[in-house]
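Hi there,

Here is the model I promised to pass on to you. Please have it open while you read my notes.

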Amino acid sequence: MLSIQQLYHRNEGGFYLLAESLVTDVILAALSTGGDFAEIFMEDTRGTNIRMLNGSVEEGVSGRDYGVGIRIFQGFRSVYAYTNDTNRENLLKVALEAAAALSGAPQLTNIVLQRLVVDRFNPVRLEPQDVPHSDKVGIMKRANLAAAGYDKQITQVAITYLDTDQHVLIANSEGLLVQDRRIRTRLGINAVASKGNEKQSAFRGPGRHMGFELFEHIDVEEIAKDAARSAVTMVNADYAPSGKYPVIIDNEFGGVIFHEACGHGLEATSVAKGASVFSGKLGQQVASSLVTAVDDGTIPNAWGSQNIDDEGTKTRRNVLIENGILKGYMIDKLNGRRMEMEPTGSSRRQSYKFAPTSRMTNTFICAGQSTKEEIISNTEYALFAKHMGGGSVNPATGEFNFAVAEGYIVRNGKIEKPVRGGTLIGQGSQILQKIDMVASNLASGQGMCGSRSGSIPTDVGQPTIRVSEITVGGRKGAN
Amino acid sequence: MEIQEFKDRVFAAGQAAGLEDMEIYVSKSKTFSTCVFHKEVDDYTVSVEQGVGFRARFSGKVGYAYVEILDQDSVDLLISGAKANAQIIESDDEIEFFEGSPRYPEVIAYNRSLEAISAEEKIEFAKALESEAFATDERVSMVNYAVTGYSETEVYMANTKGLEQSFERNGAVSFVSAVVREGEQIKTGMRMMFGNNWGEFDAERLAQDAVREATSLLGAKSVPSGNYPILLRHDVARDLLSTFASVFSAEAVQKGLSLLEGRLGQQIASPRLTLVDDPLLKNGGASASFDGEGVATRTKKVIEAGQLTTFLHNLKTAKKDGVESTGNASRPSFKSPVGISPTNFFIEPGTLTYDELVTKMGDGIIIIDVQGLHSGANPVSGDFSLGAYGYLVENGQIVGPVEQITVAGNFFEVLETVEEIGSDLEFGSPGSRGHVGSPTLLIRHLSIAGM
């Protein structure tokens, strides 16, 4: 115990972070075999997770994630090591073990660390750790009552509450030394509707990069009722017809399609190695001229926002596509070397257990000129995807698939009837070209995005858009 | 602080704070992984990690907490966190802290010789994956993943009822993904292997299989929508089984989340189908002598000749149903509360080879890959609708590759309409939902949406 007290000092937030002299020594040890860049990422994260089923709290877990990741570059090579044991001897040992993967003479023998003060644009008023569990449970009960009471077909409601408070220290051989704190709070509502042997569920998961004041910003009852409404609508719906036809994708979580089908292909992780269909296409027309898309990590308190990325670079607003022209990628340090381009504040990781790489923050298609009503009234026949489920994509080919969580058939300019079980498949770059109407009602939804550097919070967003043709899969034959 | 000292401090502090029963679940692991790109080590990751999960009873209810560092702050957090979490629990579920089984099975899941394979050897293997892939076909434009990994884990459990058990397990994994290009067409193929016998890892075969799969998809077309007889290749059948494995959990059944509720003893699958959960499998990726509650594990048939014979239980669900725990309590990680999961979970192989199954199907589609299992499959209803690739089969012969289709159906109907089972049982990589395996399955028909 004593050794820890001597080696660490408490910062203003009351958490232990590494002493500067130890940071310097670990970085130098990491560079002892010819590495040309080394980085330390340390985190101490506290969190709470509560699960309620049908109004009764079933599980509560409190946790502390704690550890250090050490990363070394030599040209395009990258080595990563992580450990929970942060005493001096072990950190030096781990740094040397990682360095053993490289060979060469040390290039750096001294580092002067410059403390960088982070400009915090994600203010937090009610730190979750200061809020008693009973208040958190109170919010969950409100959500449960609203969803369960919506309709007698609602047979089950599961509510989850989650908060995390992540303290990070990032330092590197360029002299960077920076600390940041990320507090996030999220509520998950899953409503199940039953009819005979059939069950359909609907999920809503509002979250922000903020504390418990989240619940002053969102209407818990309305969101819970909306989940219940969606589940009830779907359990009473017929299956979606399969075939190739126009699809209208509603705003908010509908943006997941851009996230999956295009966003991942714009991450340097796949661009740098030429593994993306968007590699080498800067300045080219890659989408319909109606499409402008942005990844913006600086939106105050948005779910995917961060003051700095996980390499210590300030986040920023990156224009990816402007009026259909490819303008930029999301770039981390390592892939920036390959691409000879500057990092864009896009490097993220789930925790110290992952080397960071280029990822999305808050990604959305910008507002256009039409209204949602115009889009529907101008459509003869289409699937209207009001709520999207998740999806996935093969970055090499751009092929994607998405589940439509709540769908409707639009016929002769009117919403005709709900349909379920639809799946959208296609190729991201082709879909982008086929967007022929974009509404002005931009809104965002929250998700957890899983990829090479783990599972991270991201916002997806868009206005209502129409795609002239997508392959729709479903259990029912063609119309 | 060492774990024994930490445990003593936690149990002492807990007793002082009025906690009734206490248990720690400790996992310690070492991992290695490397990825080669353009003959160079592109990624190299090593880790040594540990975590302590803690649960405790206070006023009759059980709360959880976990930490990753063994210091006094962590002792305090475990005690205050578990106590605060116990105080909000409203569920009346009776949770037992287990004093230990009379005896535990002998399980072999750790191979010393695997531990001794050097980093250089594993890097050479990843390099060989890449070079063999390029050597297999000149249309290979890139090998986007050539990965070798190793992990070893030790689990230790102890509680205030006297339970104290531990086991260890190790395994290596290898993964190769190749991209082939012909004109404007780009196709990918991948192969993955998990095991703890290094001698079975064959870079040439993995790379060739990945490349051949990619080239076999060149010229793929969609097919007219309709119902087709379907061959679910072993890896696709396994992924489907893994996705829907929760329907066999007694917890899902008791909560009304499984359509198998009330069907114990009934015929729920084709009489050809037997589904086994075998935690004692030698060197299995989910083999263990005790489960997440410290209960001794045992082998059982979940479906025998089509008949549902048992659900998977932990102590809590077993007590509710008035049966014995099947030893399927799971702790996917030290951070997770006790749940239920299969261990080594597989469909027993039949006699026909893959080629014989293709001939037997006559006309239909072989599905070799599906996408969207996390979004396009509903474990409650059993419905799935997934993007897919594969081959069109006519008169027992593969006539060409198929893409831009979705395959849709219902898991429970799939179980009932299995017409033949292949001899090619293969396991995937172990995860928090167990280590799942399947042979190739011939299904009467599924709905394909294409042109």
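Below are my notes on chain B, from its domains to its strands.

First, some housekeeping. This is a predicted model, in which local features need pLDDT of at least 70 and side-chain atom pairs count only at pLDDT 80 or more, while totals for chains, interfaces and linings use all residues. Residues are numbered from 1 along each chain as its sequence is written, and chains are lettered from A and ligands numbered from 1 in the order in which they are written.

**Domains.** Chain B is assigned domain 1 (112-157 + 166-216) and domain 2 (226-449); these bounds come from an automatic or database domain assignment. The centres of domain 1 and domain 2 of chain B, taken over C-alpha atoms, are 25 Å apart. Ten residues of domain 1 of chain B are in contact with eleven of domain 2 of chain B (contact: C-beta atoms, placed from the backbone, within 7 Å). On the domain 1 side, strand S5 (164-182) and strand S6 (185-195) of chain B are the elements that give two or more residues, and S5(B) has the largest share with four residues. Strands here are DSSP runs of E of at least two residues, and helices are runs of H or I of at least four, numbered from the N terminus.

**The six-stranded sheet.** An open sheet with mixed pairing in chain B has the order S10-S9-S8-S13-S19-S18 (strands pair if DSSP finds at least two bridges between them). Strand S10 (307-308) and strand S18 (426-427) of chain B are at the edges with a single partner strand each, so one side of each has no neighbour in the sheet. S18(B) runs antiparallel to strand S19 (residues 435-438) of chain B, joined by two bridges, and B:Glu426 is opposite B:Ser438 in S19(B).

**The buried strand.** What encloses strand S15 (residues 383-394) of chain B? Ten of its twelve residues are buried, so S15(B) is largely enclosed by the rest of the structure (buried: 20 or more other C-beta atoms within 10 Å of the residue's own, all placed from the backbone). Strand S14 (residues 364-371) of chain B pairs antiparallel with S15(B) over seven bridges, B:Val370 having B:Ala388 as its bridge partner. S15(B) is also joined by eleven bridges to strand S16 (residues 397-410) of chain B, again antiparallel, with B:Pro401 as the bridge partner of B:Tyr391. Two residues lie between S15(B) and S16(B) in this hairpin, and B:Asn395 in the turn has a positive phi of about 50°.

Best wishes

Definitions and conventions:
Contact = placed C-beta atoms within 7 Å.
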